[in-house]
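I opened the model to look up a few local features. My notes follow the order in which I looked.

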Amino acid sequence: MANLVIDYLENTAKKYPNKVAFIDRKDQITFGQLRKKSFIIADTLIEKGYLKKPVLIFLEKGVSCIEAFMGVAYSGNFYSPIDTKMPLERIEKIVKTLSPAVIITDEKHKEMASQFSNGVQVLTIEMCGENFNEKNVLACTKKIIDTDILYVLFTSGSTGIPKGVIINHKAVVDFTDWICDAYSFNENVVLGNQAQLYFDLSIQDVYAPLKTGATTVLIPNRMFIQPLRVWNMILKHKVNTLVWIPSMLSMFANLDILANVERASLEKVLFCGEVMPMKQLNYWIKNYPKTVFANLYGPTECTEACTYYTIDRSFEDDDVLPMGIACENSEAMVIDENEQLITEADKVGELYMRGTCLSLGYYNNPEKTAEAFVQNPLNKSYPELVYKTGDLVRYNEFGELVYVSRKDFQIKHRGYRIELGEIDAAATSVQGIEYACCVFESKMDKLILAYKGEISEVEMQKELETKLQEYMVPTEYHKMDNMLFNLNGKVDRKAIEKMFCISDKI
């Protein structure tokens, strides 16, 4: 039984020392080699006296990044990865919040790292050498317990200051054990990683191999602008499992890629991070009818996923896919405005989560932590924190949770309460539409739709008039050559608001 993520690697390196664990475009590493590299980095950090300190990792997605993650984990410290392409201003905000003890990078990015280091030591992978004291590292691991922090991932904050979500070993072990059991991950699984390693959607790509002996192919993110190159990499490495964000799966559907390429050996396709439009999912199902498809839901504050739904019935293109039920060892509670539990179908409430999946809060941000992690409103007898997700959900007739919208995407227009997510879903179900995002101009009381697709603005309005209540039909349309996305590959609603809403320009 594993208590820590390093227990995974200890066990798997003994069982499959020569099996390839991770592959990137230029390099690959076996489980035995990964353990050695991790010990080298860990011993370097231990010798410098670091313990339970934040370590900033500034590396491109690749094998060396995994080495750094595990080296930090073995040393009893915790890591925080950031993108080497991230704007300097954002990096500086993260550094200010995190106050890292050390920055791990490589020679290629050392000079860049020195620009935001603020005097903190910059350690390169190359500086760690080849020698290590195994007894020294193993002695250090005895000091680590499962509630110790494993990593801090920074997400966007409503105030413009990134929030550092704190996740411990126990949460990652629980999630990894669950997903490997629920979807039969074993040593024969080959994962095609899409997400950046600073994004929570990458968690199973990193830790499922360490637990099971599976292999992860780290697909360069810049390659996704050329989907055929991605597909060739999937074919080359015999990838059989994907856990991607819906936007990427939708891109392959919108471009009709699957019908025009060699067939891959896909056994499982999971998605998480945003709403998966049924039209595009039906395209995947049509082309891969024997593949298992599953919808995972969960904010970073719940490690990665806290509810799931394995597709077991057919849906129309304009249907909304269920979020499903809570993952093992987690509980989903739908709470109304009076902090009462909702159990009946079709009544909307906010989703609260409880369980070991929960984050410890936001790093160096007690105010935001107190807002989101609150006393369980159903329990007045003893301290018990739950996470307010800010997502509005309902139960369907099957007892499955269904996503409605973000709580802060609920607006009042012409006297009606409207969920912007419902308009988005209707728009993306229109034939020829790749992406759509509706925003609300409060000063002018207007619904504004930005979309990327083949039809004109007049045709789009006519389509939505057949799908939505009259008061929900947008009054202004903007056909875009390119949709705006945030760093995690999701449609950037805030950027669209700034572009088209007068009130956001004042």
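I began with Y471, which is buried at a relative accessible area of 17%. Buried here means under 20%, exposed over 50% and partly exposed in between, with a 1.4 Å probe and protein chains only. Y471 sits in the loop between α14 (457-465) and β26 (476-479). Helices (H or I, at least four residues) and strands (E, at least two) are DSSP runs numbered from the N terminus. I also checked Y471 against F293: 178 residues separate them along the chain, and their C-alpha atoms are 35 Å apart.

A note on the source: this is a predicted model, in which local features need pLDDT of at least 70 and side-chain atom pairs count only at pLDDT 80 or more, while totals for chains, interfaces and linings use all residues. Residues are numbered from 1 along each chain as its sequence is written, and side-chain values use heavy atoms, with hydrogens and water left out.

Next I looked up T124. It is buried, with a relative accessible area of 0%. T124 belongs to strand β6 (residues 121-124).

**Aromatic rings**

I found 19 aromatic pairs in the structure. Rings of Phe, Tyr and Trp (its six-membered ring) pair if their centres lie within 6.5 Å; planes under 30 degrees apart count as stacked, over 60 as edge-to-face and the rest as tilted. F175 and W178 make a tilted pair, because their planes stand at 40 degrees, with the ring centres 6.0 Å apart. Both lie in helix α7 (residues 169-182), 3 residues apart, so about one helical turn separates them. F175 is buried at 5% relative accessible area. W178 is buried too, at 6%. W178 also pairs with Y183: the centres are 6.1 Å apart and the planes at 90 degrees, so this pair is edge-to-face. Y183 is buried as well, with a relative accessible area of 5%.

Elsewhere, ring pairs join F224, W231, W244, F252 and W284 into a cluster.

I then searched for charges over rings (NZ of Lys or CZ of Arg within 6 Å of the ring centre and within 35 degrees of the ring normal). R35 has its charged end over the ring of F39, 4.2 Å from the centre. R313 lies over the face of F398, 3.9 Å from the ring centre.

**The open sheet**

I traced an open sheet of 9 strands with mixed pairing, in the order β2-β1-β10-β9-β11-β12-β13-β14-β15. Two strands pair if DSSP finds at least two bridges between them. The edges are β2 (28-30) and β15 (325-326); each has a single partner strand, so one side of each lacks a neighbour in the sheet. β1 (residues 20-23) pairs with β2 in the antiparallel sense over 3 bridges, and I23 stands opposite Q28.

Further in the order, β9 (residues 190-193) and β10 (residues 215-218) run parallel, joined by 4 bridges. N193 has L218 as its bridge partner in β10. From β9, V190 and G192 point one way and L191 and N193 the other; all are buried.

**A hairpin and a helix**

Strands β20 (residues 385-395) and β21 (residues 401-406) run antiparallel with 5 bridges. V393 stands opposite Y403. Their hairpin has 5 residues between the strands, and G399 takes a positive phi near 80 degrees.

Helix α13 (residues 420-428) is largely enclosed by the rest of the structure, because 7 of its 9 residues are buried. Among them are L420, I423 and D424.

**The second largest pocket**

Last, I checked which residues lie nearest the centre of the second largest pocket. They are L59, E60, K61, G62 and R222, out of 30 lining residues. α3 (63-74) and β4 (78-82) are the elements that give two or more residues to the lining. The largest share, 4 residues, comes from α3. A pocket is an open set of points on a 1 Å grid over the protein atoms alone, where a 1.4 Å probe fits, with protein on both sides within 12 Å along at least five of seven lines; lining residues have an atom within 4 Å of a point.
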